[in-house]
Amino acid sequence: MASSPYRERVLDHYHHPRHRRRLKAPDLIGEKDNPVCGDRVRIELRVDDEGRVLEAAFSGDGCIISMATASMLVEHVYGRSVSELRRLTQEDVLRMLGIDLGPARLHCALLPLEALHSALEASRE
Amino acid sequence: MLDVERIRRDFPILCRQVHGKPLVFLDSAASSQKPLQVLAAMEETYRQCYANVHRGVYTLSEEATCSYEEARDKVASFINARAREEIIFTRNTTESINLVAYTWGRTHIGPGDRILLTEMEHHSNIVPWQLLAQEKGAELVYLPITDEGFLDLDRLDDLLDERVKLVAFTMMSNVLGTIIPVKEIVEKAHQVGAIALVDGAQAVPHMPVDVQDLGCDFLAFSGHKMCGPTGIGVLYGREELLEEMPPFLGGGDMIRRVELDHSTWNDLPWKFEAGTPAIVEGIGLGAAVDYLTEIGMEAIAAHEQEVVAYAMERLSALPGLKIVGPPAEHRGGVIAFTFRNIHPHDLAHLLDLEGIAVRAGHHCAQPLHRRLGLVATTRASFYLYNTSEEADRLAEALEKVARIVGK
């Protein structure tokens, strides 16, 4: 399984997720689910006055791909500005994952990004 | 006993490699592979005698019409229909069921009437009835399943009364694999004056089905699950019901005479076949019926039974593997399962990397999965070309997956 998406780094994030918890007082919350496979990702952020992420966490249930991506994504957002994170694209997430995913699994990897964008959308209001 | 090695040579796709491993195709319950005989019949039609059917007075059209209508005769005799007029060609099982809902349903179901379904139905045998019930103010009632994955037939008498106008149920669950005692349910439905529609999508490709013996009023099934092409399906209906039903789609071929403000309808079965039909697909289905008939449906059912019993034994020995549904002797060639706490999409993906094609998800049976307390399952399904060695490959791959995913 040399070309497997289930390589060590991905499995490590799945088995030892970073920041998988709930924040006490999040400023921004985004939640997305996929009823087809039952995956659910919630991303919570605490941001300072300049719009920089002070703290981030995720929670939810799902497959290896969606949970590992959520873990990597939350690790990535620390210290970055909200405006920078708004520009985060699908390609950025796939680069972060570092694996090839066919169209059937793409939605698993993108669910955490959708949750993040939904949280950032909330900051506009 | 089937000569499976010989059968496998009829299916060129089974020779291919996936991710560098020989393909193990275990998703025939979703759609089966096609033998050379079907591919050849379709290619021959396109190469030698293709033209639009019906009303053509030239040779090609007559030949195409003849082959297409011959396919109808083959299907009629395959399920032992009384007459060819009882075989309506549709796109698939879903369209067949919708045809009944839109024609028979709209003229026979009214406010307060009940439609009895079961908890193990595929969405295609739920949603058309929901649409009809919403339109007519009718009510859907569901026969529950037991924890073992059987229909709770003890509840049938309670639920069947004169308010029930239609009982629609599968002959074999596409998730649990359970084979349903169709005759018993049809008889009870008829006792209260209800019509019985059987979803034969999973059963017709895998076991002998005789509509006269079953006594059902309608039977729906798909060509693509029984070695035939996509785009062609069948609705069997009792002639007297079909005669009095209004047409489904309007257009060419289904009319006798068209005036500016009204039309009269063609005879059965064409009354329900508007527009240019799936001609070559119909001929392909005829070839698939020939292919299955020659091998024998009894033999196919016996072979699947043997492979499934073996596969269940192998799989259930794996720690953390849970199979849903009844024991092998009560099921067809379908095994849905959960494995440790690995998400079915991960599982199917990891198995694909081993060359094994299985399906993961709710298999278009969300209410059933909710009843089972599961979001999704992984499903391996077997057909005439599958072997016990392939069940071994599946079991070995699952062991490997457990090692990779760890924990």
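Two strands are taken to pair if DSSP finds at least two bridges between them, and the legends below use the word in that sense for a predicted model.

**View 1. An open sheet of four strands in chain B.** The strands of this sheet follow the order S13-S14-S17-S16 and pair in the antiparallel sense. Strand S13 (321-324) and strand S16 (359-361) of chain B are the edge strands, each of them pairing on one side only, and the twist from one strand to the next averages 30°. Between S13(B) and S14(B) the antiparallel pairing extends over four bridges, and within this pairing B:Lys322 stands opposite B:Thr338 of S14(B). Helix H12 (residues 344-352) of chain B packs on the sheet, where H12 touches S14, S16 and S17 of chain B, and its direction makes about 165° with that of S16(B).

**View 2. The two domains of chain B and the side on which they meet.** Chain B is divided into domain 1 (4-27 + 297-405) and domain 2 (49-294), and the centres of these domains, taken over C-alpha atoms, are separated by 29 Å. Where they meet, 23 residues of domain 1 of chain B are in contact with 22 residues of domain 2 of chain B. On the domain 1 side, at least two residues each are supplied by helix H11 (297-316), strand S14 (334-339), helix H13 (366-372) and strand S17 (377-381) of chain B, and H11(B) gives the most, with five residues. The residues on this side of domain 1 of chain B divide into twelve nonpolar, six polar and five charged.

**View 3. Strand S4 of chain B, covered on both faces.** In a regular strand the side chains alternate between the two faces of the sheet. In strand S4 (residues 87-90) of chain B, B:Ile87 and B:Phe89 lie on one side and B:Ile88 and B:Thr90 on the other, and all of these residues are buried. S4(B) runs antiparallel to strand S10 (residues 233-237) of chain B, to which four bridges join S4(B), and B:Leu235 in S10(B) is the bridge partner of B:Ile88.

**View 4. The largest nonpolar core, seen around B:Val167.** Among the 161 residues of this core, B:Val167, B:Ala196 and B:Val198 touch the most other members, and the core draws at least three residues from each of domain 1 and domain 2 of chain B. Leaving aside residues up to four places away in sequence, B:Val167 touches B:Leu116, B:Ile185, B:Ala189, B:Ala194 and B:Ala196. In soluble globular proteins, nonpolar side chains tend to be buried together.

Methods
Residues numbered from 1 in each chain as written. Chains lettered and ligands numbered in written order. Predicted model: local features only at pLDDT ≥ 70, side-chain atom pairs only at ≥ 80, totals over all residues. Core = buried A, V, L, I, M, F, W, Y, C linked by C-beta atoms within 7 Å. Buried ≥ 20, exposed ≤ 12 C-beta atoms within 10 Å, placed from the backbone. Domains from an automatic or database assignment. Contact = placed C-beta atoms within 7 Å. Nonpolar A, V, L, I, M, F, W, Y, C, P; charged D, E, K, R; others polar. Axes fitted to C-alpha atoms, helices over the stretch in contact; angles between N-to-C directions.
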